[in-house]
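Subject: Structure handover

Hello,

Here is the structure I promised to pass on. Please open it and keep it beside you while you read.

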Amino acid sequence: MTEPPTALSPDDLRRRCDPTALGFGTTDELEPLEELVGQDRAIEAIRLSTEMRHRRFNLFVHGPEGTGRYAAVARVLAEEAAKRPVPDDWVYVHDFEASDRPRALRLPHGSGRKLRAGMAELIDDLAQAIPALFESEEYQSRRAAIEEAFGGRNEAAFAALGQRARDCGVAILRTPTGFALAPMQDGEVQKPDMIDDLPEAERAEIRDNVAKIQAELSAFLEALPRIEKEHRAALTALNAEMAEQVVDMNLSDLRAGFGGISALKGYFEALRSDLIGNAAMFLQAGSEAGEGPFPMTSVRVHDMPRFHRYAVNLLVSAPEKSVGAPVVIEPTPTLANLTGRIEYIQRMGALLTDVTLIRPGALHKANGGYLVLDARRVLAEPFAWEALKRCLESGEVRIISAGERLGLSASGTLDPAPVPLDLRVVLMGDRYILRLLDAYDPEFSQLFTVTAEFGPDMDWRIDSQQRLARQVAARVRQENMRPVTADGVAALIEIAARAAGDREKLSLQLSPLWDLLREADHRAGQEGAKTIARSHVEGADAARQRRCDSVAERIQEMIARGTLIIATRGSVIGQVNGLTVAEMGAARFGWPVRITARVRLGAGQFVDIEREVKLGGPIHSKGVLILSAYLASHYLPATPLSLWASVVFEQSYGGIEGDSASVAELCALLSALAGVPLSQSLAITGSINQQGEIQPVGGINEKIEGFFETCSMQGLTGRQGVLIPKRNLDNLMLRSEVVEAVAEGRFHVYAINHIDEALELMTGLPAGKRTISGEFPAGSVNANVEMRLLDFAEARRYFGQTAQQGGDLQDED
């Protein structure tokens, strides 16, 4: 026997939270609970990732929006970060051997700032000390001695050469183009015509003397560059000696402050050599500073571009009073924001850069700690995802621009040394992105081995509602809201159950719940109340629904005006009120839709009009095909179906998806076959299988409320109601006005398990079960359906025989 349909009581339609069972008057009496409730699995996964030191244990976090994923991750990361040491500083300094490859130095925390300040002070001090030293009496006297020594040496040599020339009767003459030699007698230069008059022996002697002196003069002139080089070398040695004194004197204090840092030993040696070798730069800087309107002591020489080679670029350094490792959340994970960038300045039409223009990325800032990224944003940024993976794989951060990735980088750029990487990356995303990465990126599973899934709901138990009440207390105190009464908390719990779509669950998407609490606090303030009560919570919830219900109200208005044709009275053959639901942003609402079916003699063709015009989705088409399978197996199983049937959603002009109307479609089809009218006072929802069993569907609350609204606008008669799958009972959390109407007998909700129960409710006739003889009881709905199908089969057989006989007669002719 078919079970009788269950008429649901008001208690079946909405689960209530008893305020007295909460055990408090207001939330002021509760101990606040900061931790998330119901997310133990996700928290455990987060802690595993943060505690593991292996670089593969990066974390992917996913779950519904509003479940507190970001807050939970931030809290756990902050707790674990506090247990770790403050990371070391990282600085970039000029490499004096390879100027295009700045060196990355790791220094103890706080040392980077001291080194930067110390280097700036050193350069400024040398800019004063070096010019002062080279203007000192000691330097001037020693230089004068060198000048005098080399100058006297040249003069003496030239004077000796001149005396030998005079002794040989040769004069050395200075000309604009150099030196010239001429014969001389009695201190006077002889003219050429006088020499021509001399005997050949004398002329030969003169030629020999001139050639001799010419050779000695050439040797003297050839020695001058060597002597000048020795002169310069002596001056350079003097300058280096003097510069070495002042550099060592000023650098010794800086070295003493960092004596225990091995990473700086080699740098200081290279720095010392470069400072001594470039002392002239400081002389020039001192000269330029002396020409200005301010005294030398006020000039910041270390800021001059040519002295940036001595600057210390403090790439990353935690604040002085920091505790623990860094937790960095990067909202815009571009390639530059992740791995850093090199900036450029324009000088005389050229783009130039140096070590001071290297900027850190989020990976540098989070080094030694944790980096939180939005997965969708990382994947959307060009080159960002690949760069992140390369850094995690190699264990180091290398700065490279998008232009370099594309081979479009300009000349004159830098190639900074990579920084070793030790951090945990946390990607925040959703299940769809997780599946895509798992399926299409084989490296993802190698780098992100831990997944934390935040669930959408938790079981509604006494302990869970107590914990949720403590979370409400924590939120109230955090935001300085009014305390919430026990009945106010009970209302919030009921709203959480409604949001979960399950009377046995509480939604963990708490963000909308906190927004509702804030609005309830505002309403309480407007009323001058000192606490937030149920009336404030329910009033805020109703106001929120009203703000989102413009589309739903317009649909109901169209039904009331007859634009959308829906009947809530009377009975019609082959016509039923189905129920549909739509979701638009924060709004989710349902409304009735007319479904009709038509049948005639045919060859077993079942026409889904929605599918034929490509408005029906695959799941809807599957549901319609199940109807034809049910007819073929339930009625006349040994006889081929001989009907043509069509089913359509009337006044539906958009896409239809889902199988929640398949029960309604079957009811309309069976009504059309049996010739039995269906009550239009009832609406029905549910999917069906080939055995005729009713299966649960989604949006059950919104569907019931949508039909209730339609009936209310057309006038409640006490006969109207909705048929729902019995397997949806746990999903019922109806609005109070629907529950009150059911309690007063003005509206009804029925739970059914089988199509026969639906037929009996909607037709008022027994559905009928096959007897021992294999027939349905006479007068039952199923008997009428089978009789109609049998008539169709016999008519088809008759027409087939007639057509065959006509063909035989033609053959005989």
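Below are the findings, grouped by topic.

This is a predicted model, where local features need pLDDT of at least 70 and side-chain atom pairs count only at pLDDT 80 or more, while totals for chains, interfaces and linings use all residues. Residues are numbered from 1 along each chain as its sequence is written, and side-chain values use heavy atoms, with hydrogens and water left out.

**Cavity and pocket**

Two terms come up here. On a 1 Å grid over the protein atoms alone, a cavity is a set of points where a 1.4 Å probe fits but cannot get out. A pocket is an open set with protein on both sides within 12 Å along at least five of seven lines. Lining residues have an atom within 4 Å of a point. Grid points are joined across faces, edges and corners, and a volume is the space filled by probe spheres set on the points.

How many cavities of 30 Å³ or more are there? The count is 1. The largest cavity has a volume of about 30 Å³. Its lining is made of Tyr635, Leu636, Thr639, Pro640, Leu641, Ser642, Leu789 and Ala793. By class, that lining has 6 nonpolar residues, 2 polar and no charged. Here Ala, Val, Leu, Ile, Met, Phe, Trp, Tyr, Cys and Pro count as nonpolar, Asp, Glu, Lys and Arg as charged, and the others, Gly among them, as polar.

Now the second largest pocket. Its volume is about 630 Å³. It is lined by 33 residues, and the closest to its centre are Thr580, Trp591, Val593, Ser652 and Ile656. Helix H21 (550-560), strand S22 (575-584) and strand S23 (587-601) each give two or more residues to this lining. Helices (H or I, at least four residues) and strands (E, at least two) are DSSP runs, numbered from the N terminus. The lining of this pocket holds 17 nonpolar, 10 polar and 6 charged residues.

**Salt bridges**

Side chains of opposite charge can pair when their charged atoms come close. A salt bridge is a side-chain nitrogen of Lys or Arg within 4 Å of a carboxyl oxygen of Asp or Glu. The structure holds 48 of them.

One joins Asp422 and Arg53, at 3.4 Å from N to O. Asp422 lies in the loop between strand S16 (419-420) and strand S17 (424-429), and Arg53 in the loop between helix H2 (40-51) and strand S2 (59-62), so the pair ties together parts that are 369 residues apart in sequence. Asp422 is partly exposed, at 40% relative accessible area.

Another salt bridge joins Glu269 and Arg255, at 2.5 Å from N to O. Glu269 is in helix H8 (residues 265-277) and Arg255 is in helix H7 (residues 200-257), so this pair ties together parts that are 14 residues apart in sequence. Glu269 is partly exposed, at 42%. Arg255 is partly exposed too, at 26%.

Glu557 pairs with Arg561, with the closest N and O atoms 3.4 Å apart. Glu557 is partly exposed, at 35%, whereas Arg561 is exposed, at 66%.

There is also a network of salt bridges. It links Arg498, Glu583, Arg588, Glu702, Glu705, Arg735 and Glu737.

**Loops**

Most residues other than glycine have a negative phi. Which way does phi go at Phe383, negative or positive? Phi of Phe383 is positive, near 70°. Phe383 sits in the loop between helix H12 (375-380) and helix H13 (384-394). It is partly exposed, at 26%. Gln651 also has a positive phi, of about 55°. Gln651 is partly exposed, at 29%.

Is Val676 buried or exposed? Val676 is buried, at 6% relative accessible area. Val676 and Val785 are 109 residues apart in sequence and 9.3 Å apart in space, C-alpha to C-alpha. Glu320 is exposed, at 68%. Glu320 and Gly110 are 210 residues apart in sequence, yet 6.5 Å apart in space, C-alpha to C-alpha.

Best wishes

Notes
Buried < 20%, exposed > 50% of the residue type's maximum accessible area, 1.4 Å probe, protein only.
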